[in-house]
Amino acid sequence: MAIVIFSDIENIDQWIDALKKEDPSVDVIHREEIKDNTFVEFALTWNYPHGLFREYPSVKTIMSMGAGVDHLVNDPLLPENINIVRIIDPTLSQDMFEFTLAVIMNRLRMLTHFHENQRQKIWKRKRYRRISDISIGVMGTGVIGNHIATQLHKTGFRVSGWSRTRGGSVPYNKLHGPFQLDDFLRNTDILICLLPLTPATEGILNRKNLETLPHGSWLINLGRGGHLVDGDLIELLDSNHLAGASLDVFREEPLPADHPFWSHPDINITPHIASLPDPWSVAPQIMENYRRTLDNRPLINVVDRKRGY
Ligand code: NDP
Ligand code: OXD
């Protein structure tokens, strides 16, 4: 058996090196090198075309090369007997926090605004807001959202989190379920979406919910493009209900050249870069799941396919 990579991401050689370093005896090959499809039992994948795994009848485990698994659980043709596992990595969660903090601090201290002024040689001061002035709302307090909410709380922000279930005790204010969503949104100046994309969360950043945020709020979407109703965001920015949005994920990636987000003055775009999985940091958990698959033992970081995350 081998680890078979089904992905065209640009740094594939680094993933192979990292896995080989973890266990020099393991075979790691790319999908194109497979001679017999029945040979594949463990697949490492990112954004493969739906239906592909019907062609590989022996696959037991598919491991996502990222934290998100919407590309897998939303495939209606994925055989039900296949286990899906994903990346849970403290380095990745910390990278997400550092990106989030950079975006928030840029907003508070208006660095993009002053950079624009510099280009026009404008010397004009503007009152800024402090960390202690700001209420942050984190939608989705799972592995990453909880890390971000906890770190932002430690940094001095007022933080609330919102998730599907009540969960255990956390150092920040915690709400859950549809009935507490309005309360959560009403008290949020900066909304950070860190939900997984499931049928229940698709389109959750819609007009009704974004309108519940206080006037002048800011949206940071790090979850998935499918959470956001693009037209609703543009209308709420144009009517000045929202002050701006930082978007890292999009319904179509790369974002098409003619998409109105590119030229909107109140939208900051980043190319799905809030975090990049570090192959060396995640190689041990991939090897662990590979070995467990070989030995038919229970896997780690398993996704609940019914729940969708
Ligand atoms: P987890 O599965 O650990 O956490 C998901 C959280 O969302 C949980 O708190 C869960 O609630 C909550 N949730 C799920 N469904 C609902 C719902 N219907 N209503 C309210 N809350 C809900 O995921 P991660 O933290 O690891 O990752 C989150 C997402 O971040 C990924 O799925 C991916 O889309 C995105 N991501 C983006 C990256 C980027 O670079 N932009 C990088 C990595 C991830 P509960 O706790 O009650 O189960
Ligand atoms: C991920 C991502 O899910 O990069 O890891 O979005």
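Predicted model: local features only at pLDDT ≥ 70, side-chain atom pairs only at ≥ 80, totals over all residues.
Local features need pLDDT of at least 70, side-chain atom pairs count only at pLDDT 80 or more, and totals for chains, interfaces and linings use all residues. Residues are numbered from 1 along each chain as its sequence is written, chains are lettered from A and ligands numbered from 1 in the order in which they are written, and side-chain values use heavy atoms, with hydrogens and water left out.

Me: What separates the centres of domain 1 and domain 2?
Reply: Domain bounds come from an automatic or database domain assignment. Domain 1 covers 3-89 + 277-295, and domain 2 covers 90-269. Taken over C-alpha atoms, the distance between their centres is 31 Å.

Me: What area is buried between domain 1 and domain 2?
Reply: Buried area is the accessible area (1.4 Å probe) that two parts lose on being put together, summed over both. Carbon and sulfur atoms give 57% of it here. Ala-67, Asp-70 and Asp-89 supply 55% of the area that domain 1 buries against domain 2. The area buried between the two domains is about 780 Å².

Me: Which residue forms a salt bridge with Asp-70?
Reply: A salt bridge is a side-chain nitrogen of Lys or Arg within 4 Å of a carboxyl oxygen of Asp or Glu. The rule finds one across the interface of domain 1 and domain 2. The closest N and O atoms are 2.9 Å apart, and the partner of Asp-70 is Arg-224.

Me: How much of the exposed area of ligand 2 does the protein bury?
Reply: A polar contact with the ligand is a pair of N or O atoms within 3.5 Å. An oxygen atom of ligand 2 lies 2.7 Å from a backbone N or O atom of Ala-67, and one is 2.9 Å from an N or O atom in the side chain of Arg-224. Accessible areas come from the Shrake-Rupley method with a 1.4 Å probe. Ligand 2 alone exposes 210 Å², and the protein buries 87%.

Terms used
Polar contact = N/O pair within 3.5 Å; in protein donor to acceptor, adjacent residues only side chain to side chain.
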